[in-house]
Each structure stands twice: as structure tokens, then as C-alpha cells.
Amino acid sequence: MSDTDARDLAYVASGTIPPSPPPSSEVGVVHWLRENLFSGWFNSLLTLAAIAIVVMMVPPIIEWALIDSVWTASSLAECREKGSGACWAVIIERFNQFMFGFYPPEFYWRPILAFLLMFVALAPVLFASVPRQLLWFSLAYPVVAYFLIWGGIGLEPVESRKLGGFLLALIIGVAGIVLSLPIGILLALGRKSHLIFIKTLCVVFIEFIRGVPLITLLFVANNVLNYFFPPGSNIDLILRVVIMVTLFASAYMAEVIRGGLAALPQGQYEAADALGLNYSKSMRLIVLPQALKISIPGIVNTFIGLFKDTTLVVVIGLLDPIGLINNIRADSAWNGIIWEFYAFVGFFFFIACFSMSRYSMYLENKLKTDHR
Amino acid sequence: MTEVATERTADRTKMSISDEVAIQITNMNKWYGDFHVLRDINLTVYRGERIVICGPSGSGKSTMIRCINRLEEHQKGDIIVDGIELNSDLKNIDKIRAEVGMVFQHFNLFPHLTILENCTLAPIWVRKTPRRQAEEIAMHFLTKVKIPDQAHKYPGQLSGGQQQRVAIARALCMKPRIMLFDEPTSALDPEMIKEVLDTMIELAEEGMTMLCVTHEMGFARQVANRVIFMDQGQIVEQNEPEEFFLNPKSDRTKLFLSQILGH
């Protein structure tokens, strides 16, 4: 059709060549397999090795966790008589303790209700399709949750030291996540400020907090922080921990968001300026929406790190899930169990963190408007 | 050189100039650190004037027009825009920026907003125009630049020429009295330059005061009533376009013109 060569300089296309389907070697299952699993001898070897590892590892795990496992027993000895697999009976017997710590059982409905309402409060924040009026509830939720969990206005008060387990992990984790994002944004903007005082303050704060291990900060929260409050004020230990975890996470958050701010082309700032938008409007409408979008993977990474770090509160004697493990193992009936506890706690954290990770991917996809 | 704009001929009779001063720059100087970028710039722009600024790269032409809406700060001299003196008073800066529209070389549309949202943002948040009305204005100007059907797309889905026309519409939505163009066609493919220049010619015919940094000499010939040549931070020569192109006075201008028109 297109017979062009140098001996015949003049050439005019006789028409448009119609598109045709690709050859069969470029589509279908066989193509996918060849492309992804067996593209060369090295890749084929890796594929076979991976299959071998899966075959060796997965059946024993399923056998241990499901087939040979024991779900009802009153002690470890009974468990071992009944089956050679995992002894989930301990988790079932101590389930409430894992969830609520030493929260009074007659009030379990309160944290459960607070937990369910949390999803109602999160829905309008996370998904744009939920009616916007619900945001008012999201704003009120922290107060509602506080009174539900700690009591007051008609509800029987519950002391902080009775809180434990996943309830405690969620309180510290969610409070830390919700507070660290806005503080991180302010710190990042402060670090880019032209006002030398604000800038220095933010830089010193970020570098100091980032340079210190979280455990140190938790010890400070436990022992030293009281000196900074007015004498006589007895600030709740959980509140002190939440403050420290939040400060810690917001320093990281600030640096993640600063990366997003730096990634934004200078032209965006200039266009906003040229249109007459003042600083706060250009930040709110132009700069932050784009910078935060760029930073989503880093932000969620920090969230996940923060959530897992809540297990560190065990070092100052709070009974989070890890703290409870030691507590339960002290019971002579269950002495000797290890794997089941960590598998269970690990599973819980995995579900929470994996959800956050999936949500971040959903959000990145939804906000993709640059069509690059 | 590029003569792509010649298809659409501008009607000079429509372009009237008033005696009212739009921009008055006196003895303006600017330094980047030790480097003296702008040297004793004196320029009076009357309302309705179309000024084309050309010169080699690094001559300070972009910097000069960016000083007019304070994207760059000048260190010495005075700039008075629309009767308002440009100094460090933030209120004056915001007032001037709302009156002066700017079009950039790289369009600088907001990629996270639709075309319509790009155009309504400043009227709604700066001018406090009600949303419905701002959208009407935006559609009016999008129709004018001939892309009303793209209003609900995102900038990334448009071609370069379309994006630049949206950028012009976005600036016009603020109903500015002065428009600054900073090399508006330099980042475009030849086929798209024409559509952007056509839009600018139309704007000139409506009497808009325009300052345009560009190398489109065809555009300068057709539309400008004054061409300014800058080199090494100063205004070397200015004249009306015919004289400027046919009869350049300074050697530097002659060299520049021979280089850009020579092939």
C-alpha cells in the first residue's frame, strides 16, 4: 500500500488505512502468562520457586489455624488434648477483655455505640456521595464519643485506667489521626512562611519531635508533663498520651505535606496571586487541595505508622492489646500460649491498616484529574 | 519568522486610544541579589494601547510586566496602575491584581478544577459574585474564546491552544481593565498559535489595554500601536510597528531583527 522508496520521490497516500485487531499473540490468557510469568528463563525460575513456597507454606498454616484448631476449652491443657492446632478458645474466653480492657461489662453498650457512631461520623468525611449535612454530626462526634466512653451528663463515669484493649488502641489512634492532619498542615505552611519567627518555631518543633523516639515522648507524657500544667490539675493519662502521639505524628505529617507543597509548580502560586486571591484563599482553594492530593500516599503511610505505634503505650503501663497479652498469660490456665495472641492482635491491626491503604488508593483514583 | 496570524486581519480602525493613563512606570529598578535586572524603566501606557515587548531572552521583558502586578517586587522607582500606587500595601496589591489580568507562557490553569471552575473561582472568591452569575459570565467568555463545550472537562483533557484560550477567558472573567501576556504562544505548537493569536486580536479590537511579551512579529505588526525593544534590563528602542520593523534605529535592534526575521 505504502510503497515509498528513494527512487520514487513523489508519493501520495491513497486513503486512510483502517485500524485492524492486534495479532493473537498480543492478547488473551496465554499472552498474559508469557508476558508476566514466563518471559525468560530467570522469570520462569522465579515463578516456579514462588509456586513451591506457596505449596509448602499455605497448607500447614490452614491446618494450624482452621482444621486442627480448638475453639472451646477452659484451659491450655484442655486445648492441647482436643487438637494439635491453634487454641482460639483463649481468644473467645477473653474476647471482651481484648475489646474493652477492664471496662465495666454492664456499660459495654456505650463504647460499642461510640464505635458504630464513628462510622456515621466518618462517612461524610470519607465519601463525597454522603449528604453534606452529616458533617455537623462529624463535628459533634468527638464530644458525643467522649461522654459515651468516659461518662458524665447522666451516664455513670468510667475511669481512664479501666479502658484497655482495642478500645484504647482505637481511641489513641483515631484521635491522633484526626488531630495530626490539621496540625501537620499548619506546621508545613509555617515552615514555608516568610515570617522568620513562625518559620523558626515550626522548624525547631518539627526537627525536635522527629529527632526523639516516641517512647521517650510517652515517658515524658507519663512522668514529666504534669509539671507543665498548673499545679493541682490532674490531666488524664490517656489525654496526655494522645497529645504526645499527635505531636509526634504531626511532625512527620508536616514533612510529608511539605513535600507535596514543594512538588507543586511555581506557576500555580503565581496564577492564584495574579487572579487576586489572598494568601488564605490561594492556600485553601488552589495550593492545599493539590498538595494534599500529591501527599496522600505519604499521609496514609504516617496514619498507618501512628496507628501501629499506639501499641507502644504498653511501656507506660496502659493495657492496649499487647499489654493485655502479658496480663492474660499470667493466668495459670492459659500460661504458655504465644502465637494465638499475636496472630489475633496482628490480624486486627492488619484489617485496620489495610482498610486505610485501600481507601487511600480509592481516593487517589477519584481525585485523578490531571489525565497524564 | 512566524506569520501564522495573518489569516485573520485586525481592524485597526476599531482600536482607539484614550488620553487616560493606565500604567505609569517611572525610574523603576530591580535587582536579583547583585544582578541589576531592570534599569531605569520609564513607561507610560494609555488606556486602549496595545504594546508588544520583544527582546532577547534574559533582557528583563518578562520581569518588567511581572512587576506590574507584583509577581516580582521592584526595589526603586514608582509603578502606578489604574491610579493606585503599587507598594508593599497588601490591599493595593490585591486591588491592582483584581484589575489586571495575566496570561502565562505555561497557562497555569488549575488542574484540580474543571474549566468552568477555573473561570468562576476568582469572580466568586475575590469579586463575591454569586455563583450563578459567575457561571454565566464564565460561559460568555468561554463562548468568546470558542470553547464553551469543554466547560466541564479538566485542563489536562484539552490541547495546549485550548488551555491557553481558557487561561485568557479565566483572566477576562474578572473583567480586568488591563491584560498582561507573558509569552502566551511560546509553549504552543505552530498549529495552535493561530487560534490563541486570533483570540488576542479580537480582544484588541474591543479596546482592551494590552501589554504583550511575544516574538510573534506578525501579531505585533497587525495589532500593536507600539513596539518596545528591551536588552540588558533597559528599554533600548520603542516605535510604532511599521517604523520599528522597517527602520530600526539602534544597532542592537537591527541585529535582533535580522536574527529573528532573517530566515
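**Cavities.** I searched the whole structure, a predicted model, and found 3 cavities of 30 Å³ or more. A cavity here is a set of points, on a 1 Å grid over the protein atoms alone, where a 1.4 Å probe fits but cannot get out. Volume is the space filled by probe spheres set on the points, with grid points joined across faces, edges and corners.

I looked at the largest cavity, and its volume is about 50 Å³. Its lining (residues with an atom within 4 Å of a point) is Ala271(A), Ala274(A), Leu275(A), Met102(B), Phe104(B), Ala167(B), Arg170(B) and Ala171(B). H12 of chain A and helix H5 (160-172) of chain B each supply at least two residues of this lining. H5(B) gives the largest share, 3 residues. Helices are DSSP runs (H or I, at least four residues), strands likewise (E, at least two), numbered from the N terminus. By class I get 7 nonpolar, no polar and 1 charged residues. Nonpolar means Ala, Val, Leu, Ile, Met, Phe, Trp, Tyr, Cys and Pro; charged means Asp, Glu, Lys and Arg; the others, Gly among them, are polar.

**Second largest pocket.** A pocket is an open set with protein on both sides within 12 Å along at least five of seven lines. This one holds about 1,000 Å³ of space. It has 27 lining residues, and His194(A), Asp273(A), Tyr279(A), Met283(A) and Arg97(B) are the closest to its centre. At least two lining residues each come from H8 (165-191), H12 (266-274) and H13 (279-309) of chain A, and from H2 (90-99) of chain B. I list 11 nonpolar, 7 polar and 9 charged residues.

**Chain B against chain A.** I took contact as heavy atoms within 4.5 Å. That takes 24 residues from chain B and 20 from chain A. The buried area is about 2,000 Å², 64% of it from carbon and sulfur atoms. It is the accessible area (1.4 Å probe) that two parts lose on being put together, summed over both. Phe110(B), His112(B) and Trp125(B) supply 28% of what chain B buries against chain A, more than any other three residues.

I count 1 salt bridge between the chains, the term meaning a side-chain nitrogen of Lys or Arg within 4 Å of a carboxyl oxygen of Asp or Glu. Arg66(B) pairs with Glu270(A), with the closest N and O atoms 2.7 Å apart.

**Conventions.** Residues are numbered from 1 along each chain as its sequence is written, chains are lettered from A and ligands numbered from 1 in the order written. Local features need pLDDT of at least 70, side-chain atom pairs count only at pLDDT 80 or more, totals for chains, interfaces and linings use all residues, and side-chain values use heavy atoms, leaving out hydrogens and water.
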